[in-house]
Amino acid sequence: MTFEQIQPTLLVAAHVAVVAWVGARVILTRHPPGSSFAWLLLVAVLPVVGFVGYLLIGERPIGRHRTRFAQKFFAELPSALTRLSPRELADPASLPVPWDGLARLAFKATGMPLVAGSSFRLIGGAEAILRGIIVDVDRATRTIDMAFYIWNAGGTADEVAAALERAAGRGVRVRLLLDALGSKAFLKSAWPARLRAAGIDVRAALSVKAWKIPFQRIDLRLHRKIVVVDERVGYTGSMNLVDPRFFKQDSGVGEWVDAMARAEGPIVGALRTVFLFDWGMQTGHAEEGVAAQTREAWAAAGGTQVAQVVMSGPGVDEAANLRVITQAIASAQRRVVLTTPYFVADGALALALEGAAMRGCDVTLILPAKNDSWLVEYASRWFYDDLARAGVRILQYTGGLLHTKSVTIDESMSLFGTVNLDIRSLSLNFELMLAIYDAGFTRQLVALQESYAADARQLALAQWQARPVTERLKEGIAFMAAPLL
């Protein structure tokens with residue numbers, strides 16, 4: 001029998017083997033049903049594409065060393081937290097129902113405690129955010145720690161870099177952790193060498209070498225945005241270290257619109273703990289784990305607000321933010337307002353929003369009218385029919401690419417940070433969210449959300465349902481591709 005005669009049989013056997021292998025992997029790694037079906041369908045129809053795609057992005061491995069670091073870090077965290085005083089820790093029972101239960105859920109999912117005595121100031125607009133960071137950096141005397149998904153050169157962002165150089169010049173230890181993909185252009189520019197020459201420790205997070213591809217998912221990203229200055233002032237929120245006047249000007253969506261929270265008090269200790277986790281996991285410096293966390297960051301004076309850091313991603317509970325967001329929405333009695341640039345909802349999140357609207361809550365979802373991702377824009381639209389029929393008010397922001405990620409519930413508590421309402425943020429990336437149990441901050445955030453709503457148009461259900469069939473097909477195709485993420 002010649003090779004030409006047995007070739008079809010070999011190809012069929014290889015095809016069956018690929019499908020069987022991928023099928024076994026999605027079962028053993030506990031993929032959601034939608035994701036499992038999508039991968040099996042892909043390898044059945046396009047076996048080579050499906051097999052290679054699964055090797056690249058089908059699972060969530062972060063590498064053996066990172067996994068060990070994460071296990072050690074979180075094993076040490078409980079004992080480190082026992083050194084905190086009652087003045088810094090808050091008892092979830094001190095919160096009103098239902099936020100007491102939400103705080104317990106967040107602690108169980110992440111190990112990060114509820115802390116008292118912090119203060120938050122909401123800052124909207126890139127220029128105000130960057131100027132605020134520059135002021136705090138120029139006041140630094142000891143340490144500056146920063147982690148960003150994107151650092152883009154140009155405009156006021158360059159002034160932040162110059163402020164870091166000044167800080168390093170006066171003896172401040174400065175560490176900068178940038179995602180290898182999101183900050184690719186910056187990391188390839190002359191800036192890293194210039195910053196290192198000034199004494200700044202610049203590292204790339206989640207770099208992947210070709211030979212490691214089978215052992216480490218290449219598209220897991222460090223999506224957090226953290227600034228901690230002298231362990232007493234912290235920033236987090238939606239904004240990358242970019243000046244929107246110099247960022248993605250050719251994308252056709254306008255300037256990016258962001259917000260950050262400036263924090264003081266014990267919550268800064270929680271933000272620094274997340275930074276130390278990221279720094280240690282990416283650099284391999286195990287000594288920068290919980291043992292290196294000083295008391296000063298947690299004990300810093302701040303204010304009267306009660307809050308909690310919710311971190312998610314590989315090495316932690318990947319679904320921590322999804323758990324907290326859906327529970328918060330399920331607890332709403334009167335009003336829910338959400339802003340996000342990307343909405344490719346998990347089924348539980350979509351049902352939570354629909355359920356809140358159906359039981360009489362005023363539910364508003366504010367999204368950008370134009371998106372920088374074709375796939376995400378059409379996948380988002382897939383949900384509009386069911387959401388709108390349930391009573392969710394969908395507003396399309398026209399003042400640029402709305403990038404602020406926020407949730408307010410009953411004008412009494414807020415969720416605010418880096419988390420998009422899409423599969424990638426809710427299940428994959430390293431993310432960070434503040435749960436702030438304070439009506440004062442929430443009123444600030446509601447006012448910002450309402451300013452976005454004033455510059456948005458409402459989706460009209462009847463008009464939306466009359467859209468062409470071709471648009472519906474694009475939405476369906478994009479939605480079916482979403483589980484492969």
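The legends below describe close-up views of a predicted model.

**View 1. A nonpolar patch at the surface.** In this view, L41, V45, L46 and V49 together make a nonpolar surface patch of about 360 Å². One of these residues, V45, is found in helix 2, which covers residues 33-45. The relative accessibility of V45 is 56%, and because exposed means over 50%, V45 counts as exposed.

**View 2. A tilted aromatic pair, Y384 and W464.** A search of the whole structure finds 13 aromatic pairs, and among them is the one shown here, in which the ring centres of Y384 and W464 lie 5.2 Å apart and the ring planes meet at 50 degrees, so that the pair is classed as tilted.

**View 3. An edge-to-face aromatic pair, F416 and F441.** The rings of F416 and F441 form an edge-to-face pair, with a distance of 6.3 Å from centre to centre and an angle of 75 degrees between the planes. Here too the pair links distant parts of the chain, for F416 lies in strand 16 (residues 413-417) and F441 in helix 17 (residues 439-453), 25 residues apart. Both F416 and F441 are buried.

**View 4. A cluster of aromatic rings.** Four residues, F148, W151, F186 and W191, are linked into a cluster by ring pairs.

**View 5. Arginines over aromatic rings.** The charged end of R381 sits over the ring of Y378, at 4.5 Å from the centre of that ring. In a further example, R175 lies over the face of W279, and here the distance from the ring centre is 5.3 Å.

**View 6. Helix 12 and its buried residues.** Helix 12 runs over residues 320-331, and at 1.5 Å a residue its 12 residues should span 16 Å, a value with which the 17 Å between its end C-alpha atoms agrees. The buried residues of helix 12 are A320, N321, L322, V324, I325, T326, A328, I329 and S331.

Terms used:
Residues numbered from 1 in each chain as written. Predicted model: local features only at pLDDT ≥ 70, side-chain atom pairs only at ≥ 80, totals over all residues. Heavy atoms only, no water. Patch = residues over 30% accessible without salt bridge, like charges linked within 9 Å, V, L, I, M, F, W, Y side chains within 5 Å. Areas by Shrake-Rupley, 256 points an atom, 1.4 Å probe, with all protein chains shown as cover. Salt bridge = Lys/Arg side-chain N within 4 Å of Asp/Glu carboxyl O. Helix = DSSP H or I, 4+ residues; strand = E, 2+ residues; numbered from the N terminus. Buried < 20%, exposed > 50% of the residue type's maximum accessible area, 1.4 Å probe, protein only. Phe/Tyr/Trp six-rings, centres within 6.5 Å; stacked < 30°, edge-to-face > 60°. Lys NZ or Arg CZ within 6 Å of the ring centre and 35° of its normal. Expected span 1.5 Å × (residues − 1).
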